[in-house]
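The following paragraphs lead the reader through the structure shown here. Please keep the model in view while reading.

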Amino acid sequence: MLSSKYNPLFNGNEALMKGVNTIEGSHEEDYLNILPIYIWPTESQVGSVEADMERAEEKGVKTIKEHSMVFGREQVNKYIDDAYLLIGKSRVYRRMWFPALEAFNYIIVEFPDEGLLYEARLWAARTYVQTGNFAGAQEQFDKLYLNKKVPKKLKKDVLASYAEMKIAQKEFQKASELLEEAIAAGVPKSRKVRFRYIQAQLQEQIGNNYEASELYAKVVKMKPPYEFYFAAQMAQVRNFDPYLQDSKPVYATLKKMTKNDKNFDNRDQIYYAMADIAIKEDLIPEAFDYLANSIATSTTNKTQLGLSHLRKGELHFDFREYIMAAGHYDSAYQSLPQEHHRYEEVKKKKESLAELVEYLNTIEVEDSLQAMAKMPEKERDKLIQKRIRQLEKEKAAKERAESVRGGPVGPGQGGFAVGGQRSGKWYFYDDSQRNNGITEFSNRWGTRKLEDNWRRKVKTTVSEFVPGEGEGDGEGAELDSTQNPMHPAYYLSRIPFDADSLEASHNRIIKAHEGAGGVYRDVLNDYIEAVDIYEKLMKRYPGASFEPRTLYTLCLMTQETKQAEKKDNYCGKLQSEYGHTPFARLLDGSLDVDSDAGHDSIAEAFYREAYAAFDANQFKKSKKMCVEGIERFSETDLLPQLELLHALCIGSEGSITTFTQELATLAEKYEGYSVGIEAQSILDYLGGPSDIGGSLSPEIEELFTFNPNEAHQYVLILPKENVDFNRIRNSISDFNMSKYAKDRLKSRNIMMGDDKQLIIISGFKNANTAMAYFEDIKQEGSVNIYLPKTGYEHFVISLSNFKKMYAENAIYEYSMYFQVKFSALN
C-alpha cells in the first residue's frame, strides 16, 4: 500500500500540480469584471496542460490496476479512493466534465465511510457548476455546507466554491456572505486579497457603492501586489460619492498617478476614472476631455479603450448627438471582448445608430451631389481635385500616425471632435461625416492599415491618374475608377446630371427621411428628433403622395410629446385636406379596420406592432398577433412577412423540427421573392436544408463528428414548464421494461440551462441499435400521449457529440445534424 502512495500517486499529483500551476500562471486578471474565485482552464488552455493531466490520470489508473485489493467485496487499500480523486481532478482540468463526475460519484458511492467522501462531493459540486447544472451542485453543497463532519481544512474551499456557484446564479449578496465566512475560516493572504476584492465587486453589482468603496479600501490597506493595488484604487474612484466626498484630493492623487512610470500603460484607466468623477459632478466638458485623454493614451488594454469609447458614446447619445455617438459605439464594439457583459448591449446600440447614420449620410450625400450638379464645370472639377489632394494628405498623415503608434490607427483612435449634430459643411469635408465613413469602412472591412490596394490580397499598383491619358485602361489599374476616391470619376459618376438620376436621388432622400424618422421613433424613442425630420420632409416635398401618412404620424407623435399647437395643425390639415384617406378615418375612429383589412397601411401598422413584440422577446404575444394578422390581412402584401414572423415565433419555442418545416414551406411558397430567400437563408444558416437529404453548414459539420460505431444514447429534451415530467419519465421506464428488459438500458435525467430538462437513455453499442430504439419509441402511444404538442426534441447522439452539444447548448444545431446524418439509418 505504501508503494501505491509514494510512487504512482505521488508522481500523479506532481503532474497535476504542474498543470494547475501552468493554468494559474497564464491567467490574466480582468479587474473590470467579477474576478473568478478559482482559476479554471479555458478551452484554449487545455492543450497546454494535456500532457501533465494525462500523466496524472495514467498514474491514478496504474494505482488502481496494480494496487487494488478487494477482500469480501471491500477495498482494503485506503489509497484507491485517492487514485479516483486524482483521475477526477485531472479530467476537470481537461474540461472533461462528465467523465470527471463519474470518478467523483464513484468515490461517493463506493467509499462512503472514507476520508475523501467530502472532498469528492466538493469536486462534484464544482464540476456541476462548470456545466451549469446548479441543481446537481446544490444537492452536494446541501450535504457539505452545515455538515460538522467536513474537515476543517476543507471548510474554506466548500464556502468559497459555494460562493462561486452563487455568483454564477447572480445571487451576489449570498455569495458575498459566503466569502466572508470563508475568510473567517482562515485563508492565506493572497486568497484573502482576492476574496475581499470580489466582495467589493459584488457589492458594486448590487448597487451598494459605499460598502463597495469600503471593501476596496481594505484591499488597498492590505498592500497587495501592484496590479491588485492599482485596480482597487481605480475601483474606489469608481464608487466615489459626490455628495459625501470631496473630489479635489481624489483628482490630485489621480493626476499624480499619471506621472508615475509604473502607470504608463494604466494612464487610460486613470483618465477614465477622472472622467467618471467629472460626470458625477456634472462637469461634462471636463469629462469629454478626460475621455479623449483616455483614448489617446491607450496602449495595450483594448477593453479599457472600448469602455472609454462607450462612455463617450453614451454622453453624446444622452445629448442626442447621434452621429458622434455612432462612431464611439462602433469603436467600443470593435474593442470590447465578446465575453464582456456589455458587449451585446453595445452591439445592438451600435447597429441602431449605424442604421440612423446611414440614413442621415444619404440625405447629406444626395444634397451635396445635387448641389454639385448645379455648379459650373470648372468650379466642380476644381472642387473635386481639392478633395483628392485632401485625401492624399490625410492618407500620409495617417501613415505617419501609424508609424508612431506601431500599428494601425483604428476608428476613433485619432480622437473625435466634440460638437453638434450637423456641421453644415459639404459632405466630403465634414469631419463628423469622415468619422462615420471610418465607421462604415470598419463595418465592411474591419480594422485595416491604410495602404494602397487594401481590398486585394494580391496587390498591384494603381496607375497615377493623369487627365486625358488612358483613364481606366491601364494594365496596372486595379480599381474601377468609379470606385476609387482618388479619381475624379468616383465623384462624377455619383452626380445626378439628368432627370432620371435626379428623380432617383430625390427618392433616396425621401426614403432616408422616413427611415431616419422610424429609427428615431421606434428604436431610439426620441420623438422630438423624429418630429423634426418628418417636418423637414414635408417642408421639402409639400403635397407629395406620402403626406397623409406623414401627417398621421406627426399627429400621433406631437400628441406624445405634448406639442399641442403642432398636434392641432397636423391633425387639422389631415382632416381638412385628406379626409377621404384611411389615415384621417383612422384618426377620427370612423375606419372599420376589419372591412378595410385589405389596405396595406393598416396591415403595415399591425405588422409593426407584431414585430415590436417579437423584438422585445414577447414571442407568445407576437405569435398570437401573427395568427390573427394572417387571417385578417390575407389579401395584402404584408401576408408573407406575417407568415415569416410567425415561423420565427415558432422557432423561439424551441422546436427546431417544426421551425425548419415552416421555413421550408415559406422558402418553397415564396421562391424567388424576398421572404422565400430570407427563409432559405435561415435554413442554410441552421444547416437545415428544405429537403432532408441536403448538406449542413460548415459550422455544424465542424462542431460534430459522425461515428456510427461509437456508443450512442437516446435523448428527449423537454421544456421545464407545463409538462408532466414524472409521468413522461415513468412511461419511458415502463416502455423500456416491457420491450428492452434484456438490453440493460440506463435512464437518467439532468437539467440543461434553466429552462430545459433531459431524459437520457444509454446502453446502445452503436448508432444502428440506438436508431432502432428511436423508431420504436417514436411510435409508442403510451409515451407520446404525455408529450407536449410542440417545444420538445428527441434524437440519437453519440457520447462525444453529446458533450459538445451540452457544453455549447447547441440543441438546434445538433437537431439539424441528426436529421441529415441519421436519415440513412432510418
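E604 and R608 share helix 26 (residues 600-615), where they stand 4 residues apart, about one turn of the helix. Helices here are DSSP runs of H or I with at least four residues, strands are runs of E with at least two, and both are numbered from the N terminus. The two side chains meet in a salt bridge, with 3.9 Å from N to O; the term denotes a side-chain nitrogen of Lys or Arg within 4 Å of a carboxyl oxygen of Asp or Glu. E604 counts as partly exposed because its relative accessibility is 37%, and R608 is likewise partly exposed, with a relative accessible area of 41%. In this classification, buried means under 20% relative accessible area, exposed means over 50%, and partly exposed lies in between, with a 1.4 Å probe and protein chains only.

The model is a predicted one, in which local features need pLDDT of at least 70 and side-chain atom pairs count only at pLDDT 80 or more, while totals for chains, interfaces and linings use all residues. Residues are numbered from 1 along each chain as its sequence is written, and side-chain values use heavy atoms, with hydrogens and water left out.

The protein chain contains 36 helices and 6 strands. Of its 826 residues, 48% count as buried. Contacts, defined by heavy atoms within 4.5 Å, can be sorted by sequence separation: among those in the protein chain with a separation of 6 or more, 62% join residues 24 or more positions apart. The chain exposes about 42,700 Å², of which carbon and sulfur atoms supply 49%; accessible areas come from the Shrake-Rupley method with a 1.4 Å probe, and for residues only the protein chains shown count as cover.

The structure holds 33 salt bridges. One of them joins R342 to E314, whose closest N and O atoms are 2.6 Å apart. Because R342 lies in the loop between helix 16 and helix 17 while E314 belongs to helix 15 (residues 302-318), this pair ties together parts that are 28 residues apart in sequence. E314 counts as buried because its relative accessibility is 18%. Both residues also belong to a network of salt bridges that links D276, K280, R311, E314, R342 and E345. Another salt bridge connects D522 with R521, the closest N and O atoms being 2.9 Å apart. Which side of the buried limit does each partner of this pair fall on? D522 is partly exposed at 42% relative accessibility, whereas R521 is buried, with a relative accessible area of 15%.

The loop that carries R342 also holds H340, between helix 16 (322-335) and helix 17. H340 is buried, with a relative accessible area of 4%. Not counting residues up to four places away in sequence, H340 touches N33, T303 and L307.

Helix 17 (residues 343-373) includes A373. This residue is partly exposed, with a relative accessible area of 25%. Leaving aside neighbours within four places in sequence, A373 is in contact with R380, I495, P496 and F497. A373 and L492 are 9.0 Å apart in space, C-alpha to C-alpha, although 119 residues separate them in sequence.

Helix 18 (residues 377-405) contains K386. With K382, R389 and K393, K386 forms a positive surface patch. Patches are made of residues with over 30% relative accessible area and no salt bridge; like charges are joined within 9 Å, and nonpolar side chains (Val, Leu, Ile, Met, Phe, Trp, Tyr) within 5 Å. Lys and Arg count as positive and Asp and Glu as negative, while His and the chain ends are not counted. The place of a charge is taken as NZ of Lys, CZ of Arg, CG of Asp or CD of Glu. K386 itself counts as partly exposed, at 48% relative accessibility.

K223, in the loop between helix 10 (209-221) and helix 11 (226-238), has a positive phi of about 50° although it is not a glycine. K223 counts as exposed, at 68% relative accessibility. R320 is found in the loop between helix 15 and helix 16; its phi is also positive, at about 60°, although R320 is not a glycine. R320 is partly exposed, with a relative accessible area of 33%.
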